Amino acid sequence: MNPQTKLKDLECFKNSTKEQADKKQMIEEFISTREKYILLDADSLLYNVVHFHRDKDTREDLEHQYEDFLSQKRAIVNTIEEDGFNYIELVYYFTMCKNNFRYNIYPEYKKKDKPDEEMRALVSVLKYYVIQMLETEGNEVRYSDTLEADDLISIDARQLESIIVSLDKDLKQIPGAHFDYYKQKTGEQDAEGFDLREFRGWSYTTPQEGYDMFLKQMLIGDTADNIKGAKGVGKVGATKLVTGSNFEKLLKVARKYDSIERMR
């Protein structure tokens, strides 16, 4: 649901909850200016491209894969523009950090029992090529030796009138407008019988929602990053714990971890 439609939907409620009122105000402020920076989490897009070409003859053809990368980017941008927004600049973000600060805190970060080394290698080769091409063509490309792409996006999103474009659920903790470019089935088919797909599209995070998401994620953990979370706490349990004032919520999370430590 694009921002304008979502705003109309929220305006239909005569007696809005505080959460609905906060979201309505956030969207009103967002659409007050139509010129935005597009902050693209390019790592996820690279994985899309490599996954598509992995078992095809084009897997070694970096030029062809780069064109596919640009084609998918254009489809995303075109959809955002069709929804009424122009971009001041599109910024590409990549994770290139060899000295990720998280490894100093938690050495087991992102370690997996059976990593897909082939996929990792294919993505790495394409990533270096794509970055080189984008920079040669004068695009704005950002990466760091210590910070991941989502860290860099988080920093810039707090300073720029922007739309965060990503598949990463963690980035949805950042207050503002998000565009999810995952292609989901519409339930309809084209003339040849193929399933029609569309972008998952827009979502909107208020500051309060972002804070609550962060605390819930601390409790649940993240298998993709090998973060265990609090033992025995799932989505339902985390939702029950994250209630009350912001201080009370934080205190509950801290106590949950403290009780786990005492049991060890």
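The model is predicted: local features need pLDDT of at least 70, side-chain atom pairs count only at pLDDT 80 or more, and totals for chains, interfaces and linings use all residues. Residues are numbered from 1 along each chain as its sequence is written, and side-chain values use heavy atoms, with hydrogens and water left out.

**Overall build**

The protein has 10 helices and 6 strands; these are DSSP runs numbered from the N terminus, helices being H or I of at least four residues and strands E of at least two. Its C-alpha atoms fill a box of roughly 55 × 50 × 40 Å along the principal axes.

Among contacts (heavy atoms within 4.5 Å) between residues at least 6 apart in sequence, 66% join residues at least 24 apart. Of the 264 residues, 38% are buried. Buried means under 20% relative accessible area, exposed over 50%, and partly exposed in between, with a 1.4 Å probe and protein chains only.

The side chains include 40 positive and 49 negative ones, and the centres of the two sets lie 8 Å apart. Lys and Arg count as positive and Asp and Glu as negative, while His and the chain ends are not counted; each charge is placed at NZ of Lys, CZ of Arg, CG of Asp or CD of Glu.

**Helix α7**

Helix α7 (residues 149–157) is largely enclosed by the rest of the structure, because 8 of its 9 residues are buried. Among the buried ones are D150, D151 and D156, along with L152 and I153. Their cover includes the helices α3 and α5 and the strands β1 (35–41), β2, β3 (140–142) and β4 (162–165).

**Two residues**

| Residue | Relative accessible area | Class |
|---|---|---|
| N100 | 3% | buried |
| F52 | 45% | partly exposed |

N100 sits in the loop between β2 (86–93) and α5 (102–105). A polar atom of the N100 side chain lies 3.0 Å from the backbone nitrogen of R102. Apart from neighbours within four places in sequence, N100 touches Y109, D145, T146 and E148.

F52 belongs to helix α3 (residues 42–53). Its C-alpha atom is 9.4 Å from that of Q65, 13 residues away along the chain.

Notes. Polar contact = N/O pair within 3.5 Å; in protein donor to acceptor, adjacent residues only side chain to side chain.
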